Amino acid sequence: MNTNHNVTAHIDLNALHFNLNVIKGRQKRPTKILAMVKGNAYGHGSIGIAKALENEADLFGVACLDEALRLREAGIDKELVVLMGFFDAEDLKAMDQYHISTVIHNQRQLDILEKTKLQNPLSVWLKVDTGMHRLGFPLPAVRAAYDQLQQNPKVIKPFKMMTHFSDADNPSCPKTKLQIERFLEVTKGLEAEVSLANSSAIINWPDALMGYLRPGISMYGVSPMESKTGLELGLKPVMTLTARIVTVHNLAKGETVGYGSTWACPEPMRVGIVSAGYGDGYARLTKTGAPVLINDVKCQLIGRVAMDMITVDLRNCPSAQIGDKAILWGQGLPIEEVALHTGTVPYELFCRLTSRIHYEYHP
Ligand SMILES: *Cc1c(COP(=O)(O)O)cnc(C)c1O
């Protein structure tokens, strides 16, 4: 086997199980887990993650039908739910054929469901818009949608009802409390299993912990809040992204590195060229000063990120040499820190990872 991959995502499945147990421990009542594996499992590889969680999650959540079909093709036979649901009868028939569950969030979907002939009963999650205004039935329309599903013999009963929070990452914002109240009010007396909580609600809003929890980023060991790292929340990073030093230069004072010559050496110094760039998904917007871990020493990115390489200031790490491993994030270097130097959130850094990345799953 070729072990000389330029960029490797090491996936620590022990950490994944650990994090899921931490999440389950947040809820006193028995917990059901709708594990989010959308976006290629936040860049962790949806097939590898789904296989690892087959016994621990009750079902998996994906954004779109293509993501669900990819998991089915890989032999994942657990329940899958498509968050955006279906666009037309053809999508719905594919869901029927592959036993894929769907969110229903608008009237058009309800009408397509009425008209389309299905082979099997369909598992449905009715989405309620309690204030996010992304997907879901507005509150006044929920009862009619509920009744329509209830009367539809194609739908498995009881079906589920869900909502999504806009501000759960902010513990002092009163909107989440309002959204919980609206959801409880509109579902009162209805026969349905419910689901409200994403990662930030799991962490910040115990009142939202009922029915199915829907963890994404926290399961991968990363904080949904900008103010905290996953480590500080008692989670362990699942992904450690590594590259290697390709070459080392001794540069004179005033020499510049990389495209645009945006960074100049303030003194004679060693710099390392590391084998990762935006072609691997390491963001070009990541700025000079972003941390890169080399031989357990925190070094700094300097100059512009190129497609295949970055440059690192090696003044902190005189031992560094060609072939040494560079950790871009993960063990010893929270992705949250890199995100701050990129002006984005860890979610986006994960989702940028490209097919050039090599994955290794460590049981
Ligand atoms: C992505 C998503 C989640 C998971 O969010 P995290 O912040 O990653 O936990 C939960 N619910 C819905 C509807 C989502 O789209």
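Is Trp 329 buried or exposed? Trp 329 counts as buried, at 1% relative accessibility. Buried means under 20% relative accessible area, exposed over 50% and partly exposed in between, with a 1.4 Å probe and protein chains only.

This is a predicted model, in which local features need pLDDT of at least 70, side-chain atom pairs count only at pLDDT 80 or more, and totals for chains, interfaces and linings use all residues. Residues are numbered from 1 along each chain as its sequence is written, and side-chain values use heavy atoms, without hydrogens and water.

**View 1. Tyr 146 and Phe 159 form a tilted pair.** The structure holds 7 aromatic pairs. Rings of Phe, Tyr and Trp (its six-membered ring) pair if their centres lie within 6.5 Å; planes under 30 degrees apart are stacked, over 60 edge-to-face, the rest tilted. Here the centres are 5.1 Å apart and the planes at 55 degrees, so the pair is tilted. Tyr 146 is buried at 6% relative accessibility. Phe 159 is buried too, at 1%.

**View 2. Trp 329 and Phe 350 meet edge-to-face.** Their ring centres lie 6.2 Å apart, with planes at 85 degrees. Trp 329 is in strand β18 and Phe 350 in helix α11, so the pair ties together parts 21 residues apart in sequence. Helices (H or I, at least four residues) and strands (E, at least two) are DSSP runs, numbered from the N terminus. Phe 350 is buried, at 2%.

**View 3. Three tyrosines form one aromatic cluster.** They are Tyr 42, Tyr 220 and Tyr 347.
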